[in-house]
Amino acid sequence: MSQPRTCSASMRPWRCRHGYSHVHVHVVGRGSTGEHTVLAERALGRRLPPEAEIHHIDGNPKNNTSSNLVICENQAYHALLHRRARVVRAGGNPNLDKICTRCHAVKPTSEFHKNASRPGGLQGPCKQCHAIFNQQYSARLAEPIAANG
């Protein structure tokens with residue numbers, strides 16, 4: 001496989017609606033691709049696998065320095081990096097804490113019910129928020145029965 005070559009000076013990179021810089025690449029079967037993808041492929045020395053994704057450590061799609069890019073094996077690992085970064089930004093420890101999807105508080109993972117089908121193996125809302133939701137749900141179900149009674 002030949003190394004991807006970026007466009008000539010007359011064809012400048014452009015930004016897509018998500019803020020990523022795109023360049024024209026002269027490789028059979030590819031028209032344009034993200035500049036971050038081209039840089040990651042150069043660092044790796046080969047094309048990325050189809051399921052691979054590029055993560056910007058600082059969250060800035062315009063910062064394509066090699067020290068800011070991480071090659072993720074798939075979308076699930078990329079999402080994990082974003083979940084962990086959100087916990088760190090909120091002041092928690094990503095190894096011990098999680099952010100509740102209802103109250104948005106950083107809480108220890110012991111404050112969440114287990115759920116093997118969810119990313120990270122834990123429910124989204126904390127136990128306290130889950131209990132409040134269940135009480136409200138039960139009350140809504142009981143209202144029509146009380147009105148008809």
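The model is predicted, so local features need pLDDT of at least 70 and side-chain atom pairs count only at pLDDT 80 or more, while totals for chains, interfaces and linings use all residues. Residues are numbered from 1 along each chain as its sequence is written, and side-chain values use heavy atoms, with hydrogens and water left out.

**Overall fold**
- The protein chain has 3 helices and 7 strands, taken as DSSP runs numbered from the N terminus (helices: H or I, at least four residues; strands: E, at least two).
- Read from the N terminus, the order is β-β-β-α-β-β-α-β-β-α.
- Of the 149 residues, 28% count as buried (buried is under 20% relative accessible area, exposed over 50%, partly exposed in between; 1.4 Å probe, protein chains only).
- Take the contacts (heavy atoms within 4.5 Å) between residues at least 6 apart in sequence: 23% of them join residues at least 24 apart.

**Largest pocket**
- The largest pocket holds about 320 Å³ of space; the volume is that filled by probe spheres set on grid points, which are joined across faces, edges and corners.
- A pocket here is an open set of points on a 1 Å grid over the protein atoms alone, where a 1.4 Å probe fits, with protein on both sides within 12 Å along at least five of seven lines; lining residues have an atom within 4 Å of a point.
- Its lining has 15 residues, and Arg-83, Val-87, Asp-97, Lys-98 and Pro-119 lie nearest the centre.
- Helix 2 (75-89) and strand 6 (97-99) are the elements that each give two or more residues to that lining, with helix 2 supplying the largest share, 5 residues.

**Surface**
- The chain's accessible surface comes to about 10,000 Å², 53% of it belonging to carbon and sulfur atoms (Shrake-Rupley method, 1.4 Å probe).
- Phe-133, Tyr-137 and Leu-141 make a nonpolar surface patch with about 270 Å² of accessible area together; patch members have over 30% relative accessible area and no salt bridge, and nonpolar side chains are joined within 5 Å.
- A salt bridge puts a side-chain nitrogen of Lys or Arg within 4 Å of a carboxyl oxygen of Asp or Glu.
- Phe-133 sits in helix 3 (residues 127-148).

**Helix 1 and backbone spots**
- In helix 1 (residues 35-44), His-36, Thr-37, Val-38, Ala-40 and Glu-41 are buried.
- His-104 has a positive phi of about 60° despite not being a glycine; most residues other than glycine have a negative phi.
- His-104 is in the loop between strand 6 and strand 7 (106-108), and is exposed at 59% relative accessible area.

Key:
Patches are made of residues with over 30% relative accessible area and no salt bridge: like charges are joined within 9 Å, nonpolar side chains (Val, Leu, Ile, Met, Phe, Trp, Tyr) within 5 Å.
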